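Me: I am new to this structure. Please walk me through how its parts meet.

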Amino acid sequence: MTAPRTLYDKIWDDHVVHQAEDGTCLLYIDRHLVHEVTSPQAFEGLRMTGRKVRAPEKTIAVPDHNVPTTQGRENPEQMPEESRIQVAALDKNARDFGINYYPVTDIRQGIVHIVGPEQGWTLPGMTVVCGDSHTATHGAFGALAHGIGTSEVEHVLATQTLIQKKSKNMKVEITGSLRPGVTAKDITLSVIGATGTAGGTGYVIEYCGQAIRELSMEGRMTVCNMAIEGGARAGLIAPDEKTFAYVMGRPHAPKGAKWEAALAYWKTLYTDEGAHFDKVVTIKGEDIAPVVTWGTSPEDVLPITGAVPSPESFTGGKVDAARRSIDYMGLTAGQKLTDIKIDTVFIGSCTNGRIEDLRAAAAILKGKKIKDGMRAMVVPGSGLVRAQAEEEGLAQIFIDAGFEWRLAGCSMCLAMNPDQLSPGERCAATSNRNFEGRQGRGGRTHLMSPAMAAAAAITGHLTDVRELMGVEA
Amino acid sequence: MDKFTTLTGIAAPMPLVNIDTDMIIPKQFLKTIQRSGLGKNLFDEMRYTQDGKEIPDFVLNQPAYRQSQIIVAGDNFGCGSSREHAPWALLDFGIRCVISTSFADIFYNNCFKNGILPVVLPPEAVAHLMDDARKGANARITVDLEAQTVTASDGKVFAFEVDAFKKHCLLNGLDDIGLTLEKAAAIDAFEAKNASLHPWA
């Protein structure tokens with residue numbers, strides 16, 4: 001009889017091609033997602049060594065990081081020269097190496113981590129990699145998914161494998177149910193707040209518990225997306241009926257007899273009773289409040305009812321880091337979070353750019369206007385999300401409220417395209433990183449859920465969305 | 001990839017915790033399609049003013065540290081984005097070794113692919129080396145990968161752990177794609193088996 005295994009153990013075991021005596025493994029990769037920023041040097045490496053892409057049918061490319069999100073972008077003249085060269089390189093590499101490709105002119109184009117699940121490329125039990133740390137998103141399907149560097153992109157292109165050592169197992173359990181006004185984003189930020197940005201280093205996290213089971217697939221993607229912000233390369237959620245229902249019928253999901261066979265296998269993908277976890281974190285769902293970040297690390301998380309902390313309340317190296325953060329963010333220790341005024345609102349990203357995120361924000365904004373002088377934009381995660389939001393009337397709600405309604409891409413999450421903050425500009429963002437300069441040099445980012453970002457757009461300051469929803473804090 | 005065997009060089013102290021890859025190389029420099037030339041923009045927003053002037057206080061702008069080959073850093077160095085532009089920028093500047101109490105996983109891996117040795121040491125050891133690094137250009141730290149030791153300028157020796165395979169590749173400057181392709185038969189066999197077990201994959 002085999003020892004009880006975690007979900008991570010099972011997926012790992014099913015992908016080991018070769019194991020060396022010291023435990024170094026060659027792991028097979030089922031899906032390789034590629035975007036324009038971290039791949040050009042990898043394709044160049046293949047050309048220089050005369051190597052081919054081993055499995056082009058398992059390789060999917062889409063430009064997202066760099067592309068403008070304004071109308072008329074199919075005209076390359078709209079792009080700054082360096083971006084244009086990078087997108088043109090992806091066009092050429094996709095064509096030359098025969099990989100699946102969604103160019104900007106294709107309605108299915110979008111953020112790589114939104115396109116993968118949407119098109120059914122991401123399936124339970126798979127290994128999924130991409131030269132992007134937010135590949136952890138795909139873990140919501142019970143797929144082992146993580147970011148890799150460009151050298152590893154080249155390695156996967158050439159061999160369809162990765163050289164890996166197994167990580168340790170960490171369980172994050174969210175018990176009970178969430179309170180009204182609390183979302184998947186609040187779960188994932190609260191976990192990072194509790195464990196720190198290095199709390200998951202060396203681990204693969206499995207998220208479980210009633211509050212996780214009660215999340216939709218899109219909510220689960222939001223949770224897993226930010227596993228990397230807690231230091232874990234990958235976050236996983238065991239697949240269930242919601243997962244299977246989401247996957248069924250998608251363009252690249254299995255059909256007919258293959259579907260039945262796949263389903264039978266997917267139903268074995270759960271952590272066995274008694275399996276060992278090296279680290280366990282438990283948080284009560286009802287204890288989670290709508291949260292925001294106050295500093296320049298995703299671990300700088302507090303309930304919206306809180307106040308900017310004093311640097312002296314920390315220990316070790318965090319004292320200086322907190323002092324630096326508070327200074328960079330232009331805040332004062334003790335200041336109420338709800339007194340922080342906002343200049344800009346950004347709704348989008350691989351964390352919160354899916355249809356349910358747009359619905360949640362639109363529900364708050366319906367019939368309302370954004371604060372005078374506010375800059376606000378919605379950047380849907382894919383062309384299909386955008387089309388659906390237009391069909392559901394969400395786009396009109398955003399436009400009527402005063403938001404810009406953009407085309408799909410990463411946009412102001414990392415500000416590689418023209419969507420950037422100016423020095424000192426303060427943004428309520430639904431993205432994943434509040435690092436110094438992340439959204440533009442000197443820009444100040446507060447991370448939060450789409451509903452909270454919408455609330456801030458209306459009031460002009462960080463706001464407890466529960467007040468606008470008429471629910472108790 | 002250049003081999004890494006031993007290195008004796010100036011170490012720059014960067015005690016800040018959670019130095020992320022956005023700080024190491026901001027996104028506006030990721031538009032290159034090459035690996036080289038990023039050194040001048042290493043730590044760009046900490047190193048230069050908005051109009052491109054050097055900020056004198058920043059450690060790598062100080063005369064003693066302009067030739068640094070080692071960084072002694074605060075906890076969780078390299079967190080955030082997977083961009084390999086971070087180690088490319090470090091390498092292009094001349095940094096061959098980073099010493100810290102911990103590194104983010106993806107950055108840690110990326111270093112080994114580029115001839116950079118990330119060394120993890122306990123807090124007391126990093127504190128000792130940080131003090132050493134603060135002495136300026138006269139404090140030369142020696143890193144010996146074969147022996148797995150770091151020697152401070154006062155002769156104090158700290159032993160570190162490193163994965164045997166990663167060490168082997170770095171000592172010999174090996175291209176791991178070449179090594180993996182030697183196992184092509186195993187990959188073929190896996191694909192054949194997988195096609196019958198998991199035909200949808």
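Reply: Start with the two domains of chain A. The area buried between domain 1 of chain A and domain 2 of chain A is about 2000 Å², and carbon and sulfur atoms give 62% of that area. Buried area is the accessible area (1.4 Å probe) that two parts lose on being put together, summed over both. This is a predicted model, in which local features need pLDDT of at least 70, side-chain atom pairs count only at pLDDT 80 or more, and totals for chains, interfaces and linings use all residues. Residues are numbered from 1 along each chain as its sequence is written, chains are lettered from A and ligands numbered from 1 in the order in which they are written, and side-chain values use heavy atoms, with hydrogens and water left out.

Me: Which three residues supply 31% of the area that domain 1 of chain A buries against domain 2 of chain A?

Reply: Domain 1 covers 8-166 and domain 2 covers 293-469, with bounds from an automatic or database domain assignment. No other three residues of domain 1 supply more of its buried area. They are Thr69(A), Ile111(A) and Ile114(A).

Me: How many salt bridges does the rule find across the interface of chain A and chain B?

Reply: A salt bridge is a side-chain nitrogen of Lys or Arg within 4 Å of a carboxyl oxygen of Asp or Glu. Arg438(A) and Asp22(B) form one, at 3.0 Å, N to O. Between the two domains of chain A the rule finds zero. Across chain A and chain B, the count is six.
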